[in-house]
Amino acid sequence: MKTEELKGIPVSPGVTIGTAFIFHRQESFTIPYVKIKKSDIPTEIAHFEDAITRTRAEILGIRKNLSVQIGREHSDIFNAHLLILEDRTLIEDVIALIKTKTTTADHAFSLVVQRYFRAFSQINDEYLKERVDDIKDVSRRLLHNLHGDKKNQLENLSEKVVLIAHDLSPSDTATMDKEKVLAFVTEVGGPTSHTAILGRSLEIPAIVGMAGVTGRVKTGDPIIVDGTHGVLIINPDRKLIQEYEKQEERYSELTTELHKLKDLPAETTDGKKITLASNIEFDDEISSVLSHGSEGIGLYRTEYLYMNRQDLPTEEEQYRAYKNAAKKIAPHPFIIRTLDLGGDKFISSLDVPREMNPFLGWRAIRFCLTQVDVFKEQLRAVLRASTQKNLKLMYPMISNVHELRHANAILEECKLELKSKKQRFNPDLEIGAMIEIPSAAVTSDILAKEVDFFSIGSNDLIQYALAVDRVNEKIAYLYEPTHPAILRLIQQVIQNGHKQKIWIGCCGEMAADPAIAVLLVGLGVDELSISPFILPKAKKAIRSVSYEFAQEIAGEALKFETGKEVREFITAKMKRVCPDLIE
Ligand code: PEP
Ligand code: MG
């Protein structure tokens with residue numbers, strides 16, 4: 001059998017060697033017409049109503065279980081399903097069709113839901129498109145109950161498998177026998193899809209966005225899933241299996257070893273302490289942040305609160321979300337970044353026109369400073385939540401001091417508004433600026449006077465400084481975190497910030513590389529904020545070196561002429577110190 005290798009988006013690390021199980025969902029909603037006797041109509045209607053009651057009970061059960069397993073926030077996904085089952089128009093349309101067509105409940109139901117699918121999919125709105133998936137998911141369950149079919153295959157797995165699917169719906173993942181699923185790979189989905197988050201919270205290897213995989217693998221095929229690199233190997237030969245067995249063993253040893261560091265600080269051997277925090281998009285990631293030993297949230301990307309919905313989150317809703325999240329992570333810091341809409345993140349409730357150069361366009365703070373109502377709603381919510389003293393605020397995409405002053409002036413207005421309503425807030429709320437535009441880095445001496453901290457957003461800083469679109473695969477080879485220009489800009493920001501006695505963090509992905517984390521420590525950062533799953537590696541790297549060594553590395557790195565040389569140099573240096581961490 002031929003060995004084949006496929007690539008996707010890695011979303012949950014680790015290696016698994018196992019057997020594939022292809023999950024094909026029953027997708028057909030076309031149920032043939034069957035004529036029934038007029039006298040059977042009441043029985044058919046009762047059968048339909050009974051199926052609705054049973055489906056409802058099942059969903060309530062799933063919601064409850066899920067809430068216990070991975071938190072209430074995830075289980076709320078099923079609220080939309082319950083609403084569909086309570087939709088009187090849908091129910092009445094089905095009952096009317098049973099009567100007028102003298103047909104079965106399942107045929108009538110299939111006609112009605114197909115009408116819904118057509119109507120929803122014609123609307124050009126991301127939020128409503130996603131609702132089609134909810135309707136499909138709940139319809140599938142209802143049809144099972146009408147037919148009395150065997151339920152979801154994923155509930156009845158007889159052995160441990162690697163799940164391969166086009167997509168996994170919230171219902172599939174909620175009911176699947178998690179003890180039997182060793183890893184999963186899906187054709188669709190991105191790093192923040194529900195499936196990806198589930199993979200991470202279960203801590204099993206997972207890959208998404210692997211186009212065509214269900215057509216390339218068969219149930220029973222031996223496969224290897226490398227969730228760290230997003231690689232799937234079909235029919236591996238003995239040599240590959242042995243190689244990956246070693247990796248699997250190493251990975252599990254490393255995980256056990258890293259787990260032991262959970263409650264230890266990120267401190268160099270000579271006592272220099274770094275705050276190692278995490279970036280999150282959803283507040284239900286906080287439990288995982290804590291279980292991986294993070295010391296706070298260095299970046300909470302609030303735009304996700306605005307996504308997948310038709311309306312904007314109200315001040316009250318945001319206030320509750322921020323306050324709860326800050327409470328969960330207390331006493332560690334919780335840094336809220338104001339709305340960073342635009343670039344590659346769009347929100348259906350805000351009518352933002354598509355632009356020629358969205359990354360250079362009307363995004364983030366530029367948007368907020370002109371849409372003051374939207375901005376103020378968020379600022380008031382943050383201020384009110386700041387009675388939770390660990391909360392801090394930062395602005396994204398600052399390009400000049402005027403923007404920073406303008407944002408702070410609006411914040412002051414919000415404080416006055418709250419005062420007049422006798423609403424409480426922390427008057428000493430710490431304010432930060434993200435340094436992610438070269439002009440901000442170069443003028444960081446000026447900006448530092450206006451804020452309490454800087455957070456270097458290297459993801460954007462690299463794209464703007466090197467003129468490399470961060471989402472364009474064709475030029476990804478030019479996206480170099482170790483480019484001398486980047487190191488010099490970061491050094492400048494840290495020096496300027498420290499001169500003004502403010503602290504400096506870095507919340508871009510570059511800090512997730514353990515060798516670069518040490519380089520950043522050597523350059524003088526006070527805080528690093530990265531994904532919780534990678535954090536233990538960075539902690540181990542920091543704990544393996546002295547501050548002096550990190551400073552030496554940084555000093556040497558600044559002398560090289562190319563990013564490649566810097567990368568090779570820091571990799572070689574760190575490989576000697578902690579070989580198991582550096583690839
Ligand atoms: C960054 O640009 O480095 C950053 C952390 O922000 P985002 O990735 O959300 O743009
Ligand atoms: Mg950014």
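**Entry 1. Term and model.** I take a polar contact to be a pair of N or O atoms within 3.5 Å. I note that the structure is a predicted model.

**Entry 2. Contacts of ligand 1.** I first looked up which atoms approach ligand 1. A backbone N or O atom of N459 lies 2.7 Å from an oxygen atom of the ligand, and I count this pair as a polar contact because the distance falls within 3.5 Å. For S458, I find a backbone N or O atom 3.1 Å from an oxygen atom of ligand 1. R337 contributes through its side chain, where an N or O atom is 2.9 Å from an oxygen atom of the ligand.

Entry 3. How much of the accessible area of ligand 1 does the protein cover? I record 98% of the 290 Å² that the ligand has on its own. The space that ligand 1 takes is the largest cavity. Two elements, β11 and α19 (458-466), each give two or more residues to the shell around the ligand. Of the elements, α19 gives the most, with three residues. I count 14 residues around ligand 1, and the closest are R301, R337, G457, N459 and R470.

**Entry 4. Strand β12.** I then followed R337 into its strand. β12 covers residues 334-337. Which way do its side chains point? F334 and I336 point one way, whereas I335 and R337 point the other way. All four are buried. I recall that side chains in a regular strand alternate between the two faces of the sheet.

**Entry 5. Neighbours of β12.** β12 pairs in the parallel sense with β11 (residues 297-301), over three bridges. Within this pairing, I find Y300 bridged to I336. β12 also runs parallel to β13 (residues 391-395), and four bridges join them. R337, whose side chain contacts the ligand, stands opposite M394 in β13.

**Entry 6. Strand β7.** I turned next to β7 (residues 222-226). Why is this strand largely enclosed by the rest of the structure? Four of its five residues are buried, and therefore the strand is largely enclosed. On one pairing, β7 runs antiparallel to β3 (residues 15-23), with five bridges between them. There I find T16 opposite V225.

**Entry 7. Hairpin of β7 and β8.** β7 is also joined to β8 (residues 231-234) by four bridges, and these strands run antiparallel. The bridge partner of I224 in β8 is I233. I looked up the turn as well: the hairpin has four residues between the strands. In this hairpin, G230 takes a positive phi near 70°.

Technical notes:
Residues are numbered from 1 along each chain as its sequence is written. Chains are lettered from A and ligands numbered from 1 in the order in which they are written. This is a predicted model: local features need pLDDT of at least 70, side-chain atom pairs count only at pLDDT 80 or more; totals for chains, interfaces and linings use all residues. Side-chain values use heavy atoms; hydrogens and water are left out. Buried means under 20% relative accessible area, exposed over 50%, partly exposed in between (1.4 Å probe, protein chains only). Two strands pair if DSSP finds at least two bridges between them. A residue is near a molecule or strand if one of its heavy atoms lies within 4 Å of it. A polar contact is a pair of N or O atoms within 3.5 Å; within protein, one must be able to donate a hydrogen and the other to accept it, and residues adjacent in sequence count only if both atoms are side-chain atoms. Accessible areas come from the Shrake-Rupley method with a 1.4 Å probe; for residues, only the protein chains shown count as cover. On a 1 Å grid over the protein atoms alone, a cavity is a set of points where a 1.4 Å probe fits but cannot get out, and a pocket is an open set with protein on both sides within 12 Å along at least five of seven lines; lining residues have an atom within 4 Å of a point. A molecule sits in a cavity or pocket if more than half of its atoms lie within 2 Å of its grid points.
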